[in-house]
Amino acid sequence: MEPIIRVENFTAAYDGNVIIDDITFDVFPGEVFVILGGSGCGKSTLLKHMIGLYPPARGRILIEGRDLAVAGGGERLAILKRIGVMYQMGALFGSMTLLENVRLPLEEYTNLPDDAMDAIARMKLQLVGLKGFESHMPSEISGGMKKRAAIARAMALDPRILFLDEPSAGLDPITSAELDQLILKLAKSLGITFVVVTHELPSIYSIADRVIMLDKRVKKIVATGRPAELRDTSTNPWVKQFFNRQAESA
Amino acid sequence: MASAGASLEVRQQGDSLSFLLAGRLDSESTGTVWRKAFKTLDQSKSRLKTLDATGVDYCDGAGIGLLVELRRRGGPDVEIRGLGEQFRPLLDLFPPTPGEDLPSKPEKPSIAEETGRATMALLRDLGKQVTFVGEMVIALGRAMLHPGEIRWADAIRVAEEAGVNALPIISLMGFLIGLILAFQSATQLRIVGAEVFVADLVAVSVVRELGPLMTAILLAGRSGAAFAAEIGTMKVNEEVDALTTMGLRPMRFLVVPRIVAGLLMAPLLTIYFDLVALVGAAVVVGSFGHGLLTFTHHVHNALSLTMFLCGMIKTFAFGLIIAGVGCQRGLDTGTGAVAVGLSTTRSVVAGILLTILADGVFAGVYFGLGI
């Protein structure tokens, strides 16, 4: 199977300070791919490079065979329309209702009539369990709802890939589990590929088809595979500690 | 053919309609089909019975949206047939719900209701301001009795930002206003050969009125807005709540240092503005052939200590108003980035308005006192 995302010899650096050093991996269509690692290992940095916010220091990242870092104009726009991003705090526009937030990409990139855009935006919100909250402002809803609304907005143009940055962070276990169920439902029913950055173990076991683990000490990927397998079979002491939730000194 | 990507064929069968959809139903091509389909339903008295999607070779959220909305419009009896198996799971996420109507748009409130709401909002706002002024007076009174309690490091930092860093813009404005005022006056006074009295005119108007007022307006736009934005962002980030739960009163911690800075900086900036404006006027008077000595002599004769103090007393009031309004608007910030913008705008508008009102009051009082 052809990978939907290919990361080749990728190095990330800020001001000459290398954060991630020469990593290579593939993400395949339809899978829930999780990027793991301790705090400060460069998970979010990797995600921000994958969505084209920063260019790689070395190497390249291909989305459906196209390099977002070098693409310009129409090609860059075409790639961006194929991806959706949910930021850690939701990043909903505070001056717009939830419906308007979801409508925005439709208004900008399609020629759909107004009632069609309203209907599609309502359906996206229904899909993430926010039916009835269309006219709420982001400041009027809870943190979990904001994240779900952000997913609805990210799905407005039916992207093939959804990037989620710490979807479970700061949520209670029930809301977190509901969000996991939502990710699985969307992956299964819509065939969306998910790239998720997280370090919440229950979420990882629940949603991940495959994970990569980054280690800030070596600045590389130290493990790849299914989370349960890594927990049970990895010989890397740090990976075992991570999955068994043990302190460094234990 | 409706578009290059999608097409709609309408078939009339007795008193019912069938829609035959074909092609790519995606967010780029569905729009044209959508318009045609709903226009047909609006114009026809027949009921929609069948949606035939046999010819659809791609369907995303927009296409599914079309099918779902057409089914909702036609009722749960509408049969969707021929949709590819790969698109069925997407459609199944939105099962038909009989009797469901679209959420109606909220009714526009009447003028009376809107007036009532606006009045209530105004009264609530007034109440908040009265409370704030009361708390501020208590906090300032306490700070005067116990100067050691004032966070002087914060006050000096704010004073530096509001005062020292404002010197370049004050210099530019002061010089230009002095220059323009002198030039405009000179062109009139020259007719009667009295252009040397430009010095008297500019000195009196700047020291007594324009200096304090222009400096205050600049302070409101620059520092009042900064106070509102900074405290507003702290409010949004729950930093103000953190202060409260740490037992630190926002009034002492945030407001008092800024008011102290405002009270210190408004008079100093005004004196600086006055001086720079006089330099501007001196340039114009000099260009008419009168020396600097003549200019300073006229300025000295025109001004008095009382006049200078009249201007200075106002600046303390202006500093208090601008810093107070900035802090009050900041603390009254709601949630989100929009609220911060709103607080900043309100602080500038209210700051300038109240400053001009206060100036009017001072003018009345001075007139009454015969100063």
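The structure is a predicted model, in which local features require pLDDT of at least 70 and side-chain atom pairs count only at pLDDT 80 or more, whereas totals for chains, interfaces and linings use all residues. Residues are numbered from 1 along each chain as its sequence is written, and chains are lettered from A and ligands numbered from 1 in the order in which they are written.

Helix α9 of chain B covers residues 250-287; at 1.5 Å a residue, its 38 residues should span 56 Å, which agrees with the 54 Å between its end C-alpha atoms. The expected span is 1.5 Å times one less than the number of residues. A bend of about 30° occurs in α9(B) at B:Val256, and the proline B:Pro257 follows within four residues; the bend is the angle between axes fitted to the seven residues ending at a residue and the seven starting there.

Chain B also contains an open sheet of four strands, ordered β1-β2-β3-β4, with mixed pairing, where two strands pair if DSSP finds at least two bridges between them. Strands β1 (6-13) and β4 (79-81) of chain B stand at the edges with a single partner strand each, so one side of each lacks a neighbour in the sheet. The twist averages 15° from one strand to the next, with axes fitted as lines to C-alpha atoms (for helices over the stretch in contact) and angles running from 0 to 180 degrees between N-to-C directions. Strands β2 (residues 16-25) and β3 (residues 47-59) of chain B pair in the parallel sense over nine bridges, and B:Ser18 lies opposite B:Thr50 in β3(B).

How values were computed
Helix = DSSP H or I, 4+ residues; strand = E, 2+ residues; numbered from the N terminus.
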